Amino acid sequence: GTFQVGAGFSSQESFIATAQIAQENFLGRGQSIALSLQLSKIRQMLQLRFAEPYFLDTRWTFSVNAFNLETEHPSYTRASTGGDITLGHPITDRIRLYLTYALEFVRSDSNNLIGFGRANDALLNNSGRISSLQGSVTYDTRDNRLFPTKGMLHSTSAEYSTPFLGSSENRAFQRYRATARFYHQLVW
(Lines give C-alpha, C1' and ligand atoms only; values in the text may rest on other atoms or scores of the structure.)
Protein backbone atom coordinates (compact mmCIF):
# COMPACT_ATOMS: atom_id res chain seq x y z
CA GLY A 1 0.00 0.00 0.00
CA THR A 2 0.94 3.62 -0.36
CA PHE A 3 0.19 6.79 1.52
CA GLN A 4 0.93 10.10 -0.20
CA VAL A 5 0.69 13.65 1.10
CA GLY A 6 1.41 16.74 -0.95
CA ALA A 7 1.26 20.49 -0.70
CA GLY A 8 1.65 23.32 -3.17
CA PHE A 9 0.89 26.91 -3.92
CA SER A 10 -0.61 28.65 -6.94
CA SER A 11 -1.65 32.24 -7.55
CA GLN A 12 -5.24 31.19 -8.26
CA GLU A 13 -5.81 28.51 -5.62
CA SER A 14 -3.39 29.74 -2.90
CA PHE A 15 -2.31 26.73 -0.83
CA ILE A 16 -3.16 23.26 -2.12
CA ALA A 17 -3.11 20.11 0.04
CA THR A 18 -3.52 16.59 -1.30
CA ALA A 19 -3.61 13.19 0.36
CA GLN A 20 -4.09 9.68 -1.00
CA ILE A 21 -4.13 6.26 0.55
CA ALA A 22 -4.08 3.26 -1.80
CA GLN A 23 -3.75 -0.48 -1.53
CA GLU A 24 -2.81 -2.35 -4.73
CA ASN A 25 -3.39 -5.89 -3.42
CA PHE A 26 -6.39 -5.28 -1.19
CA LEU A 27 -6.90 -8.21 1.26
CA GLY A 28 -4.50 -10.29 -0.88
CA ARG A 29 -7.02 -10.65 -3.71
CA GLY A 30 -5.30 -8.53 -6.38
CA GLN A 31 -7.92 -5.81 -6.13
CA SER A 32 -6.95 -2.16 -5.75
CA ILE A 33 -8.64 0.53 -3.70
CA ALA A 34 -7.75 4.21 -3.31
CA LEU A 35 -9.10 7.20 -1.43
CA SER A 36 -8.00 10.70 -2.54
CA LEU A 37 -8.59 14.14 -1.03
CA GLN A 38 -7.65 17.57 -2.42
CA LEU A 39 -8.23 20.90 -0.68
CA SER A 40 -7.47 24.44 -1.80
CA LYS A 41 -8.95 27.92 -1.64
CA ILE A 42 -11.29 27.20 -4.57
CA ARG A 43 -11.48 23.38 -4.81
CA GLN A 44 -12.49 20.51 -2.54
CA MET A 45 -12.41 17.00 -3.97
CA LEU A 46 -13.01 13.56 -2.48
CA GLN A 47 -12.63 10.44 -4.65
CA LEU A 48 -12.91 6.70 -3.97
CA ARG A 49 -11.79 4.09 -6.53
CA PHE A 50 -12.00 0.29 -6.54
CA ALA A 51 -10.74 -2.06 -9.28
CA GLU A 52 -11.00 -5.82 -9.70
CA PRO A 53 -8.59 -7.09 -12.41
CA TYR A 54 -10.16 -10.57 -12.70
CA PHE A 55 -13.87 -10.04 -12.15
CA LEU A 56 -15.54 -13.28 -10.99
CA ASP A 57 -12.31 -15.19 -11.83
CA THR A 58 -12.56 -14.28 -15.52
CA ARG A 59 -10.43 -12.11 -17.84
CA TRP A 60 -12.93 -9.26 -17.41
CA THR A 61 -11.85 -6.23 -15.39
CA PHE A 62 -14.31 -4.25 -13.29
CA SER A 63 -13.86 -0.87 -11.64
CA VAL A 64 -16.05 1.63 -9.85
CA ASN A 65 -15.24 5.25 -9.09
CA ALA A 66 -17.18 7.75 -6.95
CA PHE A 67 -16.39 11.42 -6.39
CA ASN A 68 -17.59 14.68 -4.90
CA LEU A 69 -16.07 17.92 -6.24
CA GLU A 70 -16.78 21.55 -5.48
CA THR A 71 -15.04 24.42 -7.28
CA GLU A 72 -15.60 28.05 -6.41
CA HIS A 73 -14.92 30.46 -9.30
CA PRO A 74 -15.22 34.25 -8.98
CA SER A 75 -18.52 34.26 -10.88
CA TYR A 76 -20.07 30.91 -9.91
CA THR A 77 -19.75 27.83 -7.75
CA ARG A 78 -19.83 24.39 -9.39
CA ALA A 79 -20.56 21.28 -7.33
CA SER A 80 -20.68 17.80 -8.83
CA THR A 81 -21.26 14.37 -7.38
CA GLY A 82 -21.11 11.18 -9.39
CA GLY A 83 -19.24 8.12 -10.43
CA ASP A 84 -18.67 5.57 -13.11
CA ILE A 85 -18.59 1.82 -13.68
CA THR A 86 -16.14 0.27 -16.14
CA LEU A 87 -15.90 -3.20 -17.68
CA GLY A 88 -12.87 -4.20 -19.70
CA HIS A 89 -11.68 -7.26 -21.59
CA PRO A 90 -8.43 -8.09 -23.39
CA ILE A 91 -8.51 -8.76 -27.13
CA THR A 92 -4.81 -9.71 -27.23
CA ASP A 93 -2.00 -9.49 -24.68
CA ARG A 94 -1.49 -5.83 -25.63
CA ILE A 95 -4.96 -4.62 -26.72
CA ARG A 96 -7.85 -4.14 -24.32
CA LEU A 97 -11.41 -2.83 -24.81
CA TYR A 98 -13.36 -0.91 -22.14
CA LEU A 99 -16.96 0.22 -21.74
CA THR A 100 -17.74 2.89 -19.11
CA TYR A 101 -21.06 4.22 -17.90
CA ALA A 102 -20.82 7.52 -15.97
CA LEU A 103 -23.45 9.45 -14.03
CA GLU A 104 -22.82 12.95 -12.64
CA PHE A 105 -25.11 15.46 -10.97
CA VAL A 106 -23.94 19.06 -11.48
CA ARG A 107 -25.12 22.12 -9.58
CA SER A 108 -23.90 25.54 -10.63
CA ASP A 109 -24.84 28.63 -8.63
CA SER A 110 -24.15 32.11 -9.94
CA ASN A 111 -22.19 34.22 -7.46
CA ASN A 112 -21.50 37.44 -9.28
CA LEU A 113 -21.36 37.44 -13.07
CA ILE A 114 -18.56 39.88 -13.80
CA GLY A 115 -17.90 40.44 -17.48
CA PHE A 116 -18.98 38.53 -20.57
CA GLY A 117 -16.24 35.89 -20.34
CA ARG A 118 -17.28 34.88 -16.84
CA ALA A 119 -20.90 34.52 -17.92
CA ASN A 120 -19.80 32.17 -20.69
CA ASP A 121 -17.92 30.07 -18.13
CA ALA A 122 -21.10 29.79 -16.05
CA LEU A 123 -23.12 28.74 -19.10
CA LEU A 124 -20.62 25.96 -19.88
CA ASN A 125 -20.94 24.69 -16.32
CA ASN A 126 -24.71 24.91 -15.95
CA SER A 127 -26.66 22.62 -13.64
CA GLY A 128 -28.04 19.30 -14.77
CA ARG A 129 -27.48 15.56 -14.97
CA ILE A 130 -24.78 13.99 -17.14
CA SER A 131 -25.32 10.37 -18.11
CA SER A 132 -22.76 9.08 -20.60
CA LEU A 133 -21.48 5.93 -22.23
CA GLN A 134 -17.85 5.67 -23.32
CA GLY A 135 -16.06 3.04 -25.35
CA SER A 136 -12.27 2.93 -25.41
CA VAL A 137 -9.41 0.80 -26.64
CA THR A 138 -5.84 0.73 -25.31
CA TYR A 139 -2.58 -0.61 -26.72
CA ASP A 140 0.05 -1.21 -24.01
CA THR A 141 3.64 -2.44 -24.46
CA ARG A 142 5.13 -0.97 -21.24
CA ASP A 143 7.64 -3.11 -19.36
CA ASN A 144 6.16 -2.07 -15.99
CA ARG A 145 2.79 -0.42 -15.30
CA LEU A 146 3.93 1.47 -12.20
CA PHE A 147 7.47 2.52 -13.22
CA PRO A 148 7.85 1.99 -16.99
CA THR A 149 11.30 2.40 -18.57
CA LYS A 150 10.42 1.34 -22.11
CA GLY A 151 7.37 0.70 -24.25
CA MET A 152 4.29 2.69 -25.14
CA LEU A 153 0.70 3.25 -24.08
CA HIS A 154 -1.86 4.47 -26.61
CA SER A 155 -5.59 4.92 -26.10
CA THR A 156 -8.55 6.26 -27.98
CA SER A 157 -12.13 6.76 -26.81
CA ALA A 158 -15.54 8.06 -27.81
CA GLU A 159 -18.03 9.29 -25.21
CA TYR A 160 -21.71 10.17 -25.73
CA SER A 161 -24.04 11.95 -23.35
CA THR A 162 -27.63 12.19 -24.59
CA PRO A 163 -31.13 12.55 -23.12
CA PHE A 164 -31.70 8.96 -24.34
CA LEU A 165 -29.17 7.84 -21.70
CA GLY A 166 -30.75 10.08 -19.05
CA SER A 167 -28.79 13.33 -19.45
CA SER A 168 -30.43 16.71 -19.03
CA GLU A 169 -31.18 18.43 -22.35
CA ASN A 170 -28.51 21.06 -21.68
CA ARG A 171 -25.82 18.44 -20.85
CA ALA A 172 -25.73 16.44 -24.12
CA PHE A 173 -22.33 16.15 -25.82
CA GLN A 174 -19.97 13.98 -27.85
CA ARG A 175 -16.29 13.73 -26.84
CA TYR A 176 -13.46 12.03 -28.71
CA ARG A 177 -10.00 11.56 -27.23
CA ALA A 178 -6.69 10.04 -28.26
CA THR A 179 -3.51 9.86 -26.21
CA ALA A 180 -0.06 8.48 -26.96
CA ARG A 181 2.73 7.91 -24.45
CA PHE A 182 6.23 6.66 -25.21
CA TYR A 183 8.69 5.51 -22.54
CA HIS A 184 12.44 5.40 -22.99
CA GLN A 185 15.06 5.33 -20.27
CA LEU A 186 17.23 8.48 -20.29
CA VAL A 187 19.96 7.34 -17.88
CA TRP A 188 21.22 3.96 -16.68
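This is a predicted model: local features need pLDDT of at least 70, side-chain atom pairs count only at pLDDT 80 or more; totals for chains, interfaces and linings use all residues.
Strands here are DSSP runs of E at least two residues long, numbered from the N terminus.

Three elements, β1 (2–10), β3 (31–39) and β4 (43–52), each put in two or more residues. The largest share goes to β3, with three residues. Leu46 belongs to strand β4, and at 43% relative accessible area this leucine is partly exposed.

Then come the charges: searching the whole structure turns up five salt bridges. One of them pairs Arg78 with Glu104, with 3.7 Å between the closest N and O atoms. This pair ties together distant parts of the chain, as Arg78 lies in strand β6 (residues 76–90) and Glu104 in strand β7 (residues 95–110), 26 residues apart. Both ends are tucked away: Arg78 is buried at 15% relative accessibility, and Glu104 is buried at 17%.

Glu159 and Arg175 also meet through their side chains, at 3.1 Å from N to O.

Finally, Asp140, Arg142 and Arg145 are joined in a salt-bridge network. Within this group, the closest N and O atoms of Arg142 and Asp140 are 2.8 Å apart. Asp140 has a relative accessible area of 14%, so this residue falls in the buried class, under 20%.

Terms used. Residues are numbered from 1 along each chain as its sequence is written. Side-chain values use heavy atoms; hydrogens and water are left out. Helices (H or I, at least four residues) and strands (E, at least two) are DSSP runs, numbered from the N terminus. Buried means under 20% relative accessible area, exposed over 50%, partly exposed in between (1.4 Å probe, protein chains only). A salt bridge is a side-chain nitrogen of Lys or Arg within 4 Å of a carboxyl oxygen of Asp or Glu.
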